[in-house]
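Student: I have a two-part model open and want to go through it with you. Shall we start?

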Amino acid sequence: MLHNLQQLFRYRALIASLVARELKARYRGSVLGFFWSFVNPLLLLLIYTFVFTIVLPGVHPPDLEPFALFMFCGILPWAWFSSSLLEASNVLVAGGNLIRKVLFPAEILPIVTVLAGLVHFGLGLPILAGFLLYYRVPVAPVDLAWFPVIVAVQLVLTLGLALLLSALTVHFRDVRDLLSNLLTLWFFATPIIYALAQAPPNVQGLLNLNPFTHLAVSYQEVLFRAGPFTEWPRLLAVGGGSIAVFWAGYFVFDRLRDTLAEEV
Amino acid sequence: MTAIEVRDVRKIYRRYGRRRQFATLKSALLSGRLVRDLRPDETFEALRGVSFDIAAGQTFGIVGRNGSGKSTMLKLIAGIGRPTSGHVHVRGRVSALIELGAGFHPEISGRENVYINGMMLGLTKREVASRFDDIVRFAELEDFIDAPVKTYSSGMYMRLGFAVAIHVDPDVLLVDEVLAVGDEAFTHKCLDKFAEFRRRGRTILLVSHSLDLVTRFCEAALWLDAGVVRAHGDPKRVIDAYLMDVAAAEDRQLASGDRQAAAVAEAPLAVGRALSGSPGGPEGSAPQVADELPVISTAVDVRASEAPGHSEEPPDMFRAVEGRWGSREVEIVGVQLTGPDGVPAHVFQSGDAVEIRLRVHAPHPVRDVVFGVGIFNADGVCCYGTNTHIEGATDAELHGDGEARFTIDSLDLVDGTYKLDVAVHRENGAPYDYHRLLYTFRVKSRLREAGIFRPPHRWTFSGGVRMSGLP
């Protein structure tokens, strides 16, 4: 495993180039180009704002005002998470030609997908920052120091799941369809368009088992809510779990590695 | 020193059996035996215990039919797959020209693709940068390197892929059937590049259907057949053995073709009707022939038109496809081709002595008999045709069983596939039994001459001309 990570480090220039290519190729030929990275989350936010402030006004408690901003703190990282997993589950099948014909570590492909998602997430942050300034939300610098930690935890978790899913999809194409449904469920099982406190206590216990709950709550506490960052013990626990997930995901990927070129 | 060491390598591929669909994620994960947990009927053994060594600096060829395991072997050496058992050991950096331009992204420029492709093949960014100009010059894409790859022609695409792969500057170069990537000039350039590799003491492994290339380039060759090494050693001898086997296989194939032809001949009525009923013939000539023929047959012998075996002649002989027709007063019951040693064969060397044997049977005595033979090439051009009447035979007579042998002392045809017409007919051409293009044979030649016919010849030179190697 360590050897694999070492090898990945050797390929870092390739990974960087592939991420750049991914971003360039995605918007090549579209009029707005890179702006889509900003426009996409904005449009998503607009839709949720329409639903929750115009269609269903008053379902959220007043401490979540401005509600759009509250949702945005969760939607932005979620978009990174879900799109990375969906794309990663398909990336080995789509890059089949490459895996069959060229010798290079196949895990690069799902890793590039997740990292490209991270860049998109990063491009969405100025919009979030703009909203924070506009609404004059006081953000404590100490809290803000936690922000990279949250991102790092999410990165490790996403990478682990992406490795696992990408290798499994090669053998079981059902994973893709299963995953898109699972992600819908997962989205609603995460306090993104509602606050964790709004859920009944017994459901809260259930939601607490969801690792992304703690990521979302961490983002909300750091960026949106006033007061000290209290979620950190859970965040660190999720971090530990994420490393375990990454290890397990990489282990499965490594086990299946030899069969990938044949099955793809 | 060996550059590539292959020891008792077996490779078993799984086939998609029905059982697989019931395999669940859970069971696969828990057992962790995705590969081993297999029934034998779901596997295909692509390589069955292959061993060989390739010395460093050697140019080595692998030949074999499609599906013989050549490409699998190459992939194992490239490290893209792992052998099911046995081991493959390669010393030094490997670059595989297996699929050129795999991994090019159509939307981005050739320049960026060169960098990414080069890094995928194991170069660092700096190494790509230092070779970039050479790569572009070699691919002859100076003017297009900043255009997206999707705008490239397939030749440009392949050239760029080849240029990147070859500039990885590997210790071991694996080449799989990729020389057909460009025009003549580019192919020459590739061959020059291979020669340069050889001079610099690099190892080249070539998998090719171009036997010529293997004989010319390689110091040793290996013949794989159904996953087993059939021959290994001097390329000339390996390829000769391979060619003999290919000829034998073709012979078997043509023999089974003849059995099918015989089956066609068994049902002459159906064929004859289908032919005469076909609306394709030119309106002017077709009815004329059709009207004329019955008149002739009735005039000479009334029984002919009523004979049970009778089938109609096609309206236009030159448009006719294979088939059999005739009155069957004389029947060709067997047609056999034999080679120089008198053994039935379908594949001959140019210049072989060949005999065509017609076994015939006439239930009643017949006095008006002509035997005819015609040889056609694959384009349908008649290479040669003759019959006993043209050659001046008289007083022909036939009753009961008999055999006619047409002996060709030297089959002076060029390499290719030929079809045979054999017939027994009256002097006026009315057929007793006409077998049209029912028999196939193949002529092999090591030379690649053009045309149809190979007259016995020799070259002689005088004055300042010097030449050697001619027979």
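Student: How many helices and strands does chain A have?
Tutor: Keep in mind that this is a predicted model. Read along the sequence, chain A runs α-α-α-α-α-α-α-α-α-α-α. The count is eleven helices and zero strands.

Student: What percentage of the residues of chain A count as buried?
Tutor: Buried here means under 20% relative accessible area. Chain A has 264 residues, and the share that passes as buried is 52%.

Student: Which side chains meet in a salt bridge between chain B and chain A?
Tutor: Chain B puts 35 residues in contact with 29 of chain A. The two chains bury about 2,900 Å² between them, 60% of it on carbon and sulfur atoms. Across this interface the rule finds one salt bridge. At 2.3 Å, N to O, the partners are B:Glu112 and A:Lys24.

Student: Which element gives the largest share of the side of chain B that touches chain A?
Tutor: Strand E1 (2-14), helix H1 (25-31), helix H2 (70-78) and helix H3 (110-120) of chain B each give two or more residues. The largest share, five residues, comes from H3(B).

Conventions: Residues are numbered from 1 along each chain as its sequence is written. Chains are lettered from A and ligands numbered from 1 in the order in which they are written. This is a predicted model: local features need pLDDT of at least 70, side-chain atom pairs count only at pLDDT 80 or more; totals for chains, interfaces and linings use all residues. Side-chain values use heavy atoms; hydrogens and water are left out. Helices (H or I, at least four residues) and strands (E, at least two) are DSSP runs, numbered from the N terminus. Buried means under 20% relative accessible area, exposed over 50%, partly exposed in between (1.4 Å probe, protein chains only). Contact means heavy atoms within 4.5 Å. Buried area is the accessible area (1.4 Å probe) that two parts lose on being put together, summed over both. A salt bridge is a side-chain nitrogen of Lys or Arg within 4 Å of a carboxyl oxygen of Asp or Glu.
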